[in-house]
Amino acid sequence: MNDALPEYRYGFSGHRYHAYNDWARREYGGRLQKVSIDAGFTCPNRDGLLGVGGCTFCNNEGFSPSYLREQRDILTQIDTGIEFMARRYPRTKGYLAYFQSYSNTYDDLDALKRTYDIALAHPKIEGIVIGTRPDCLPDETLDYLAELSTRRLVELEIGIESCNDEVLRECLRGHDFACTRDAIGRAAGRGLFITGHLLLGLPLETRDSLIDGARALAGLPLDALKFHQLQIVRGTRLANQYRANPESVWLLDPETYLDAVIDMLEHLPPSIKIQRLGSEVPPNVLVSPDWGMRLHKFPALLEARLQARETWQGRLFAGGDPSRRKIVRPPPPPPAA
Ligand code: SF4
C-alpha cells in the first residue's frame, strides 16, 4: 500500500489525483483542446454485425455537440469547433481533432487513413484523438496508428464502460472485458497513448464491482481514464426501461458518484492521468438524473471529497505500475502551404 501522497514523483501538482490537464500542460507546453468530429462512421452494435439497437445507454446525439449534427464536412466541423473553443478557452495552445461519435476505427484501413488525413491537414490541428470500441482494433489499424504516432500526436480512446461481464451483457455491449484487456495490451505494445472510457452506474454495477474493475484496470498499461456518470438519454433502450420501471436503474446522486470515483481512484496507479470526471448531456435529451450542476465544478468537488476522506489516487494500489511509460511527443506538423 502507498502511504504517502506521490505528489512529486508523479506531478500531482497539488491535487490528490493525477489530472490529465496538468500533465498535458507539462508534456505539451500548454492546453491542447479537443475539437469533436462526427466523421460519419457507424458501429458494429448498430449496423447489424452485432446488433441494430446499440448499447442500451447510447444515443450519440446526447453525447456530441449540436454543431456536429448540422455540418457533415470534417473541415467545417473543425473550423466551427475551433471558433467556439477559442472564445471559451482563449489561452489554448493548440487543437486536437477528436473523432468522437460512434466507432472511429470501424472501416477499412484506406478509408480510415483518408478520413484522418483530412483532419490532420487542417493547419490548426496538432494531432488526433480516436474514440472506438475495443473490438474494432485489428492489428493492421493499430500498426498504422503506431506509425502515425511517430509523426503526429495520436491518442486512442477505448470504450471500456464496465469491467464486469454481467454489466456488459446487460447493456448489450457486444463484447466482454477480455476483449478490452486484449485491445489495450496490443495497442500499448505498439507504444500508443491509451485512454479508457468508463461509465459508472450501469444496471447491475455495484460498488464492489467498480472496485474489482479498478483493480483489473490497475494491471493494464493504460495512460489515462475518463469517468462518466450514467445519464439516461432520450431515445435509448435504457430510457424505455427507466420509464417502465424506474426502480430497475441505479441512478447515482453526485455524492455517491464522487465516492464511487474515489473508490476506484484509490486502487489505480498514480501514473494514470484522469482526463474527465463527468459529462453533461443537453437538457432537451436528458431524462434523468438532473443534478443541476455544471461539469467544471467536478474537480473542486472531487478534491474536497478526497480531502474529507483523507485519501488520494493510488492509496490502495499495490504492485508494479504498468502505466509508467514515456510518451514521446511527435514533432509539430509542417506549416500550411
Ligand atoms: S455506445 Fe458506442 S458501441 Fe455502443 S451503440 Fe453507441 S456508438 Fe455503438
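## A tour of helix pairs, backbone and ligand

Helices α6 and α7 are roughly parallel to each other, because their axes cross at an angle under 35 degrees.

**Stop 1: α6 and α7.** Helix α6 spans residues 109–120 and helix α7 spans residues 139–148. Their axes come within 10 Å and cross at roughly 30 degrees, and the crossing is right-handed. Display the side chains of L109, L112 and K113 in α6, which meet E140, T141 and Y144 in α7. Sorted by class, the residues of this contact comprise 3 nonpolar, 1 polar and 2 charged.

**Stop 2: α10 and α12.** Next, select residues 207–218, which form helix α10, together with residues 254–267, which form helix α12. The axes of α10 and α12 come within 8 Å, with a crossing angle of roughly 30 degrees. The two helices are therefore roughly parallel to each other, and α10 and α12 make a right-handed crossing. On the α10 side, the contact is made by R207, L210, I211, A214, R215 and A218; on the α12 side, A260, D263, M264 and H267 take part. By class, the contact of α10 with α12 has 6 nonpolar, 1 polar and 3 charged residues.

**Stop 3: α12 and α13.** How do the axes of α12 and α13 cross? Helix α12 contributes L258, V261 and I262 to the contact, and α13 contributes L301, L302, R305 and L306. By class, 6 of these residues are nonpolar, none is polar and 1 is charged.

Stop 4: From α13, move to P289, which lies in the loop between β9 (286–288) and α13. Inspect the peptide bond from S288 to P289: this bond is cis, with omega near -5 degrees.

**Stop 5: E161.** Select strand β4, residues 153–161, in which E161 has its place.

**Stop 6: the ligand.** Now select the ligand and the residues around it. The surrounding residues are C43, N45, R46, G54, C55, C58, N60, Y102, S103, R133 and G159. By class, this shell has 4 nonpolar, 5 polar and 2 charged residues. Cysteines C43, C55 and C58 are among the residues that surround the ligand, as are the arginines R46 and R133.

**Stop 7: confidence.** Finally, colour the protein by pLDDT. The mean pLDDT is 89, and 88% of the residues reach 70 or more. Which value does pLDDT stay under over residues 322–337? Across that stretch pLDDT stays under 50, and for it the model has 25 contacts beyond four places in sequence. Where pLDDT is low, the predicted coordinates should not be read in detail.

Terms used:
Residues are numbered from 1 along each chain as its sequence is written. This is a predicted model: local features need pLDDT of at least 70, side-chain atom pairs count only at pLDDT 80 or more; totals for chains, interfaces and linings use all residues. A residue is near a molecule or strand if its C-beta atom, placed from the backbone, lies within 6 Å of it. Ala, Val, Leu, Ile, Met, Phe, Trp, Tyr, Cys and Pro count as nonpolar, Asp, Glu, Lys and Arg as charged, and the others, Gly among them, as polar. pLDDT is the predictor's confidence in each residue, from 0 to 100. Two residues are in contact if their C-beta atoms, placed from the backbone, lie within 7 Å. Axes are lines fitted to C-alpha atoms, for helices over the stretch in contact, and angles run from 0 to 180 degrees between N-to-C directions. Helices (H or I, at least four residues) and strands (E, at least two) are DSSP runs, numbered from the N terminus. Angles under 35 degrees count as roughly parallel, over 145 as roughly antiparallel, 65 to 115 as roughly perpendicular and the rest as oblique. A crossing is left-handed if the near helix is turned anticlockwise from the far one by less than a right angle, and right-handed if clockwise.
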